[in-house]
Amino acid sequence: MTTMKITSVTARYLSCPIAVADRNVSDFGAMERFTTVLVTVETDKGVTGVGETRAGGLPAADKSIAAIINEELGLRLIGRDPLDITAIWESLYNGQRADMAAKAGRAFPSIARRGLSVCAMSAIDIALWDILGKVCGQPVWRLLGGKAKDTLPIYASGGWSDAAGLEREVTSYLRSTGARAVKIRVGARDGTVDTSIERVNEARRIVGRDIDLMVDAHGTYSAAEAKRFGREAREARLRWFEEPLSGDNKGALPDVRAASFCAIAAGENDFTRFDFLPYVDAMSLDVFQPDLGVCGGITEAMRIAGLASAFQIEISPHVWSGTVMAAASAHFALACPQTTIFEVSAASNPMLEQLGRGGFEFSNGIMSISDGPGLGLVLDEDFVARCAT
Ligand SMILES: [Mg+2]
């Protein structure tokens, strides 16, 4: 087998406006545009892979990720075999000391071992898995060990309305997606815990007994507020309480879990398996929610899944992205035995709807995936070009 070589790694910052009437308003403000970073890895054999990452809608941060890839990480990969996926992950993480780390068998990361550098690595990693799949003529899910399940139920993720507007919002999600589960936002945006409780009780009344209901506080409660919410939301019979606290307040999470009458979920802002370790050390989570564009790509998500498996922790990846990251999340989710449900954004997002097609689909409340090689995607290059200008 002749060795394949990487000839170029290109990151593009993409930005697409969202129509005024379609903008949701979260604790981050009105969603005026959706931004992301699209990565293309080209090889000397004519096989090209695509990856994606994003820094939560901060344009300058997304542009910085593109610069990290175009001006540094990508250049280090020219001439390397793209199929050496694990070795490349380790070499990018360990930077200048990659050879020493490889010899020692443990990580020697630099000061940039979290944050945008890991986002950049995540997008490259996803593109390398796409290349491997195309070279093998197999979908990524097969390369990860095959499907652990054929399909997954989806949940509609939104719920920004006040109590009076929730009925219209939630019923329209359930009707349009066929989902049997829905997640609404709570937390500091509500002003008081009482308002959150009122909204969550209203949501339960709207969906009835048989629809799963989750809440997401986006990391905004204090420990005292989260414990009170967890106790007083008992009547709403929540499936999970997501990000009760900031990721910088992991130490208070076990108390929140003990006070709550539902599962506790988190992980969308955590980088690498090392960030997930405190959760298992403290037994503070029931559901891990790695974001494929944040945690370190498909390679690192599988390692995080291994950690979760040993501690009986469910996986439900965080999916808030364009088509490429969503496809990577879908391949990972179906290959991973502990996944239970798949997030589908209820917000208007042209990047998810128009960046590409194929790979995965949602129908009647169920996510399924194609047998196409790699991520199975065909990008809409005209849309990409419009968003890149
Ligand atoms: Mg969330």
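This is a predicted model: local features need pLDDT of at least 70, side-chain atom pairs count only at pLDDT 80 or more; totals for chains, interfaces and linings use all residues.
Helices and strands are taken here as DSSP runs, helices of at least four residues and strands of at least two, numbered from the N terminus. On this basis Glu243 is placed in the loop between β9 and α9 (253–259).

The magnesium ion is coordinated by three residues, Asp216 (OD), Glu242 (OE) and Glu268 (OE), at 2.0 to 2.2 Å. Along the sequence these donor residues follow the spacing D-x25-E-x25-E. Glu242 belongs to strand β9 (residues 240–242), whereas Glu268 lies in the loop between β10 (263–266) and α10 (272–281); the pair therefore ties together parts that are 26 residues apart in sequence. Both Glu242 and Glu268 are buried.

Glu243, in the loop between β9 and α9, has a phi near 40 degrees, a positive value in a residue other than glycine. The relative accessibility of Glu243 is 5%, and since buried means under 20%, this residue counts as buried. A positive phi, of about 55 degrees, is also found at Asn364, which is not a glycine. Asn364 is located in the loop between β15 (360–363) and β16 (366–369). With a relative accessibility of 68%, Asn364 counts as exposed, in contrast to the buried Glu243.

Helix α14 comprises residues 381–388, and its buried residues are Phe383, Val384 and Cys387. Viewed down the axis of α14, these buried residues fall within an arc of 100 degrees, so they line one face of the helix. Asp382 and Arg386, on the other side of α14, are exposed. The packing partners of the buried residues of α14 are two strands, β1 (6–17) and β4 (33–43), together with helix α13 (350–354). At the N-terminal end, α14 is capped by Asp380, a side-chain oxygen of which lies 3.1 Å from the backbone nitrogen of Asp382.

What is the number of disulfides in the structure? The structure holds zero disulfides. For Cys119, which is in no disulfide, the nearest cysteine sulfur is that of Cys295, at 9.7 Å. Cys387 is likewise in no disulfide, and the nearest cysteine sulfur, belonging to Cys16, is 4.3 Å away. A disulfide is defined as a pair of cysteine sulfur atoms within 2.5 Å. Cys119 has a relative accessibility of 2% and counts as buried. Cys387, one of the buried residues of α14, is also classed as buried, at 3% relative accessibility.

Phe274 is situated in helix α10. Its relative accessible area is 31%, and Phe274 is accordingly described as partly exposed. Not counting residues up to four places away in sequence, Phe274 touches Tyr93, Ala107 and Arg114. A further position, Phe229, is 45 residues from Phe274 in sequence, and the two are 29 Å apart in space, C-alpha to C-alpha.

Terms used. Residues are numbered from 1 along each chain as its sequence is written. Side-chain values use heavy atoms; hydrogens and water are left out. Buried means under 20% relative accessible area, exposed over 50%, partly exposed in between (1.4 Å probe, protein chains only). The arc is that of the directions from the helix axis to the C-beta atoms. Contact means heavy atoms within 4.5 Å. A polar contact is a pair of N or O atoms within 3.5 Å; within protein, one must be able to donate a hydrogen and the other to accept it, and residues adjacent in sequence count only if both atoms are side-chain atoms. Donors are N, O and S atoms within 2.8 Å of the metal (3.2 Å for Na, K and Ca); water is not among the atoms, so sites may look incomplete.
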